[in-house]
Structure formats: C-alpha cells, structure tokens
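Let's take a walk through this one together. Have the sequence and the 3D view side by side.

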Amino acid sequence: MFILIGCSLLLAIGFLSAFIWSVKSGQMDDDYTPSVRILFDDPPQQDKTPDNTSLPKT
C-alpha cells in the first residue's frame with residue numbers, strides 16, 4: 001500500500017512539474033488565434049502546371 005502511495009505521489013509530482021514547465025515556456029500563451037483561425041479562408045494556391053492557352057498556335 002505504501003509503495004502505491006509513493007508511486008502515485010511521484011507520478012503526480014511529475015505531471016505537475018511538466019505542467020508548470022509548459023506554462024513557463026510559453027506553450028499556453030495564445031488562446032485567441034486557434035478559435036478564430038477557422039473563420040478565415042485559406043489563400044488560393046497557384047497552379048504549377050503551364051498554361052497552354054497563352055502559347056501561339058502554329
């Protein structure tokens with residue numbers, strides 16, 4: 001029983017330290033952009049194939 005309590009405390013401390021590290025390193029700073037990003041359209045992609053209509057006909 002004491003071993004399980006010790007392991008669970010070590011695991012909880014590990015998760016807490018990982019959470020504090022992620023907050024201090026700035027991984028949770030931007031909470032506005034992801035909610036608004038879906039509202040904007042993607043820019044149109046340019047077609048890489050050559051346009052044959054602009055070539056003179058012979």
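Which residue takes a positive phi just after H1? That's Gly26, with a phi of about 90 degrees.

Before going further, a word on what you're looking at: this is a predicted model, where local features need pLDDT of at least 70, side-chain atom pairs count only at pLDDT 80 or more, and totals for chains, interfaces and linings use all residues. Residues are numbered from 1 along each chain as its sequence is written, and side-chain values use heavy atoms, with hydrogens and water left out.

The chain has two helices and zero strands (DSSP runs, with helices being H or I of at least four residues and strands E of at least two, numbered from the N terminus). H1 covers residues 2-24. Its 23 residues reach 33 Å from first C-alpha to last, close to the expected 33 Å (1.5 Å times one less than the number of residues).

Now look at Ser22, which sits in H1. Ser22 counts as buried because its relative accessibility is 8% (buried is under 20% relative accessible area, exposed over 50%, partly exposed in between, using a 1.4 Å probe and protein chains only). Leaving aside residues up to four places away in sequence, Ser22 touches Gln27 and Met28 (contact means heavy atoms within 4.5 Å). Across the 58 residues of the chain, 3% count as buried.

Ile13 also has its place in H1, but Ile13 is exposed, since its relative accessible area is 54%.
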